[in-house]
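Keep the viewer open and follow along as we go.

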Amino acid sequence: MPASLRLRVVLPLPLPQAFDYLPPHGETASASDVGRRVRVPFGPRELTGFVAEVATVPDDGPAGELRHALALLDDAPLLAGELLESLRWLARYTHAPPGEVFATAIPAPLRRGEPLPDTHAWAWTLTPEGRGGIGKLRSGTRPRRLAELLRDGPRDEDALATLLDDWRGAARALARRGLAERVAIPASRIAPEPQPGPALNDEQQAAVDAIRATDGFAALLLDGVTGSGKTEVYLHAIADCLARGRQALVLVPEIGLTPQTLARFRARLGVPVHALHSGLSDGERARTWAACLRGEARVVVGTRSAVFVPLPDAGLIVVDEEHDASYKQQDGIRYHARDFALVRGKALGVPVLLGSATPSLETLHNARGGRYAHLRLQRRAGAARPPAVRVTDVRKRPLDAGLAPETLAAIGAALDAGGQVLAFKNRRGYAPVLLCHDCGWSAHCRRCDASMTVHAGGRRLQCHHCGYRQPAPPACPDCGGLALQPQGVGSERLEEVLAERFPGFPVVRIDRGTTQRKGAMEKHLDALGERAGILVGTQILAKGHDLPHLTLVVVVGVDEGLFSADFRAGEKLAQQLIQVAGRAGRASKPGEVWLQTHHPGHPLLNTLIAGGYHAFADGELAQREAAGFPPFAHLALLRAEAQHVEAVHCFLQAARSTIAPQPSNGSDLELHGPMPAPMPRRAGFQRMQLLLSSPNRRALHGTLDRAVLQLYELPEARKVRWSLDIDPVDLY
């Protein structure tokens, strides 16, 4: 009897091994099955996984004991070639179960086993009734304007997005009246015809020339001050990529940046630009992924998860705001999209362009060491000039919602001059603490070691760590007193005070609470328009938004980031201050930045103001090297949690014994812990961690290669939830 073939299947389970199955009844296995989805029985359930390997079962092997797979779901492998190999690399590097890595890389409908969706485009057209009824629509309304746009024929949805704000609402209104309908049209692959943009200055042109001259893989850091025109460099590089018949992938850190980037790219590139982010429906994400797989999507703009799209005709990968921490996935498979983009770029043989005004210290270190090409844009594009920066000493000053009298006067002067003001406070909610002034009681989350944030003007309490909510108590639970008062300032309270102080001007708050709905940020910014007014924002507004009428930025609460146990705190604060300051004075109007602080002599502030971000980076890198922190060391963080701290401690002690190198092997691996997490209790779970550090990346991963499989076998592992984070961006 000849040897038979079996399928080695990886499943979306927190288990490191593959599972063996015979092919479905009536089918034979072959090497071409690798990368195809397969539905298999697993205990009493049915699961969808991927064929990772096709292996031979010897004549005297256990083939008769294996179960048959139920069905192979794809005609051709869904994961193949470069993408399959890159995902295998990611599983090895993160020491994560391959089945979970593969599942992370595909949209939810495909994980559920649904077929690859059709990738036709959508357009809107007038019905016969609509063509005859345009005159009956009220003049100047959005439905009338949309109907006039459709008068000459169907318009695809990408085109409508650039031609009319809130066109979807108008389209639904016309559809309800039977005047317009949505129709499927073939996916378009128009040749690139970039519309004219502003002329490049010599620095921008040099950067474009350097990218154009790149043959094959190269990592290039586009290090440009805020407002220096990095996006124009991206656009020219992408246009060159399209002219060669290749695909371009652009990663942005936040959903809020996607619509602005999409509109600009669509107008300039002359091709459909596909979006991929968590704000889309599962079906929309699956269609974009399928369009990439089929080579129909020529330009894709997306957030972190877009790094997994197939790129059969890859030509360029761009990572905008490469320093941003949101590129790091903080649960599940803890990958870093920027780093994985570099891995994919090398495998695909295409350049990877990393853009930032405040590069991460790891990226800057690589550029200075010659591993990345370093392209500098040191002046603002066009007539824009850097904003003037003023440090305001607020010690012993009366503050109203954190604002000093002279700051309020500066805001009033900017508004009276017709400018816009950004009041930046990186804390959402009304106030960070609810405090009883009679006995000192404060509202703490019952599930976390953290205070509850006051929301809704003091009427609601919410934990920003676990999401738990409750009404604010009418009286102090401890003493029964009525002296409960919100302490501190959040974006809601700042909005309230500024609206009271400047009643003649609109005040628009941009934070997570006001931007949860699709398109909410664009609606808020459109509502302000070009009028004099105030934006109150958190870090969402510090990332890449072009606000041409902004003349004054006020940073409230600089001090919160000056003193922290996190070794990256200084870097994060410097990046945040430079980024938010860069929103001011980006057009012809001069800009000004006011930094309020109780520590005007702090070295970080003095260095940033006197020498800029690169001067700060010089000093910070020297400190990191002396302390043995990244980028001069490589870290891995083993986290564990359970409802009882004893179980967590026992697991991490057993893990330390498993991981710890033998004294005789000369390893320079250091282990710190077990130690409590910075927040020991979160969402009802006790949390601890074990930190691994080594100056040698290969030594660190060699140790983990040997130890991780043993961690799954530890009896103590069954009593806890644990995860391994390679290259953690924070130790929280």
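Let's begin with the aromatic rings. Trp-89, Tyr-93, Phe-308, Tyr-335 and Phe-340 are joined into a cluster by ring pairs. Please keep in mind that this is a predicted model. A pair of aromatic rings is described by how far apart the centres are and by the angle between the planes. Two of these pairs are set out below.

| Pair | Distance of centres | Angle of planes | Type |
|---|---|---|---|
| Phe-19 and Phe-42 | 5.1 Å | 80° | edge-to-face |
| Trp-89 and Tyr-93 | 4.9 Å | 10° | stacked |

Trp-89 and Tyr-93 give another picture. Both belong to helix α1 (residues 81-94), where they are four residues apart, about one turn of the helix. An α-helix has 3.6 residues a turn, so residues three or four places apart point the same way. Are Trp-89 and Tyr-93 buried or partly exposed? Trp-89, at 27% relative accessibility, counts as partly exposed, whereas Tyr-93 is buried, with a relative accessible area of 17%.

The axes of helix α19 (residues 645-659) and helix α20 (residues 697-713) come within 9 Å and cross at roughly 140°. That angle makes α19 oblique to α20. The crossing of α19 past α20 is right-handed. Which residues meet there? From α19 come Phe-651, Ala-655, Thr-658 and Ile-659, and they meet Thr-703, Ala-707, Gln-710 and Leu-711 of α20. In this contact of α19 with α20, five residues are nonpolar, three are polar and none is charged.

One more helix is worth a look. In helix α15 (residues 491-501), the buried residues are Ser-491, Glu-492, Leu-494, Val-497 and Leu-498. What do the buried residues of α15 pack against? Their partners are helix α14 (405-416) and the strands β17 (420-424), β19 (453-455), β23 (507-510) and β24 (533-537).

Notes:
Residues numbered from 1 in each chain as written. Predicted model: local features only at pLDDT ≥ 70, side-chain atom pairs only at ≥ 80, totals over all residues. Heavy atoms only, no water. Axes fitted to C-alpha atoms, helices over the stretch in contact; angles between N-to-C directions. Helix = DSSP H or I, 4+ residues; strand = E, 2+ residues; numbered from the N terminus. Parallel < 35°, antiparallel > 145°, perpendicular 65-115°, else oblique. Left-handed = near helix turned anticlockwise from the far one by under 90°. Contact = heavy atoms within 4.5 Å. Nonpolar A, V, L, I, M, F, W, Y, C, P; charged D, E, K, R; others polar. Phe/Tyr/Trp six-rings, centres within 6.5 Å; stacked < 30°, edge-to-face > 60°. Buried < 20%, exposed > 50% of the residue type's maximum accessible area, 1.4 Å probe, protein only.
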